[in-house]
Structure formats: C-alpha cells, structure tokens
Amino acid sequence: PPRGVLNVGVWGCGKSTAVKVLGQLWKLPVIHLEMGRIRHSHVGQSERNMYEALQTLDQIGKCLVWVDEAEKSFSGSDSSGTSDAGTTSRMIGILSTWIQETKSPVCLALTANSVTGLPIEFINRMNERFFFDLPSEEERIEIVKIHIRKAGQDPARHQLVEAAQAAIDLVGREIEQCIEHAMIKSFHADKNGLDPDILLKALRDKPRIVQTMSKEIQALRAWVGEDPERKDGIRARWASERE
C-alpha cells in the first residue's frame, strides 16, 4: 500500500473531498492530524505530543492520516531555528521518519494549495502526487448538478450547459457559493424555487479567485510539468482529464 498521497492544486477544487472519498473507497477511517493542536508552548512538549499522536495512530492500525493545508501546517521549518528553537523542524523530522519506518498499514494524505513551504522530504516520500486544476466544462456541469440537488432543487429545471459556461474559471467551492446566493435571491424575489436566470447571473458575476491567484496557479502548473508524449504530469498526475 502507498505510504503517502499528495493532493496539490487550486483552492476549492476538491483536494480535501478527494481524501475523504479515498477513505471511503479503501474502507479506512480518515484521521485528521492537526499540527496546531500538537504544538505546545512548553519546551519539549510539542515533540512529546507528536510521539504520543503517532503511537496512537500505530495502535489504530489501518487508517488514512490526513494533514490539511499542509504547506501551512509545516510552514516555518526553514526558519524555526531562530523562531521556535527548531521545534517545528524536529516535529516534521519525527513525522517524516515515522511514515518511512512504521510497520502499521497507514497512509499519509497531504492536501496543499502550493508546494512552496512543503518540506522536500515529504514531497519526495509521497508515492502518488495529484494536481487538481480548474474544473473542465463537463466537470462544472456535474458540480452544478450536485449543489442544485444539495439545495433541494431539481437540476432538470436548469440549462446545465449554459450554467457551466457561465461558471467558467470558477472553482467548485465558488460554484457552491453562487448556488447558495442564488437561492437567497430567488427567495427574496418570491420565485418558485431556484430561479435559472438568477443562478446564471450569480455565476457570471462571481469574482474569480483564479484572477487573484494567477501567479500561484502558473507556478503550480510549472511544477507539475508535462510530458508531451505521455500527456501526463512529470512531477504529479493530473487528477482529471485535461482539455
């Protein structure tokens, strides 16, 4: 079984959801390892907490150990010698050694919006690395359908292709926010359920995070790279088909 899986990509494109789905597919519990709760102000206590957490995971046995926003959870390791007397670096070292040496059938799942700030030893020890890009039109159709149903509405009342086109460059989380906003607007307009025109306007008018994170997204795509013969990533696989 793989020791580690790294999901890296654009904010709001399903990295954390993919970890939860992976746990369901593998029929394993997903254990959320929060680095902030392990850190302690007393000298040596953070490292002790890390050892105790890893012993607990060993006792659980088969599980998926999830570190969300890993680039933030592991941030500061480069400068920790001056900022926290090396505590962060030691905690990362303990976790890195454990995932390499443990005999327990566990898999470390990291989600990150950027590879900048991620310790290189973790990137290299991940058996599988997946890049989550902006959703394609077909994927946006499915996302719209999912969240319309989640709102208790009927997707058949909506022009899904037109909605997907209006949602171009929106991430999944932004599409969800648009549908929630359109539901409120439809209610105040005394509409019978989610109004298609109000939804389309919400999708078109929504500010795109991709516009404010264009440099970060370009850097991620450059890190992934592309082999023109394999049509696949060199440093990471694409989590879905590319257009």
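In this predicted model, helix H8 passes helix H10 in a right-handed crossing. The pair involves residues 137-150 for H8 and residues 172-188 for H10, whose axes lie 10 Å apart at an angle of about 40°. Because the angle between them is about 40°, H8 counts as oblique to H10. On the H8 side, the contact is made by Arg140, Ile143, Val144, His147, Ile148 and Lys150. These residues meet Gly172, Ile175, Glu176 and Ile179 of H10. Sorted by class, the contact of H8 with H10 brings together five nonpolar, two polar and three charged residues.

Turning to the chain as a whole, the model contains 13 helices and six strands. The chain has 243 residues, and 45% of them count as buried. Its accessible surface amounts to about 13600 Å², with 50% belonging to carbon and sulfur atoms.

Ala70 is found in helix H4, which covers residues 70-73. Its relative accessibility is 0%, so Ala70 counts as buried. Apart from neighbours within four places in sequence, Ala70 is in contact with Leu110, Thr111, Ala112 and Leu118.

Notes. Residues numbered from 1 in each chain as written. Predicted model: local features only at pLDDT ≥ 70, side-chain atom pairs only at ≥ 80, totals over all residues. Heavy atoms only, no water. Helix = DSSP H or I, 4+ residues; strand = E, 2+ residues; numbered from the N terminus. Buried < 20%, exposed > 50% of the residue type's maximum accessible area, 1.4 Å probe, protein only. Areas by Shrake-Rupley, 256 points an atom, 1.4 Å probe, with all protein chains shown as cover. Contact = heavy atoms within 4.5 Å. Axes fitted to C-alpha atoms, helices over the stretch in contact; angles between N-to-C directions. Parallel < 35°, antiparallel > 145°, perpendicular 65-115°, else oblique. Left-handed = near helix turned anticlockwise from the far one by under 90°. Nonpolar A, V, L, I, M, F, W, Y, C, P; charged D, E, K, R; others polar.
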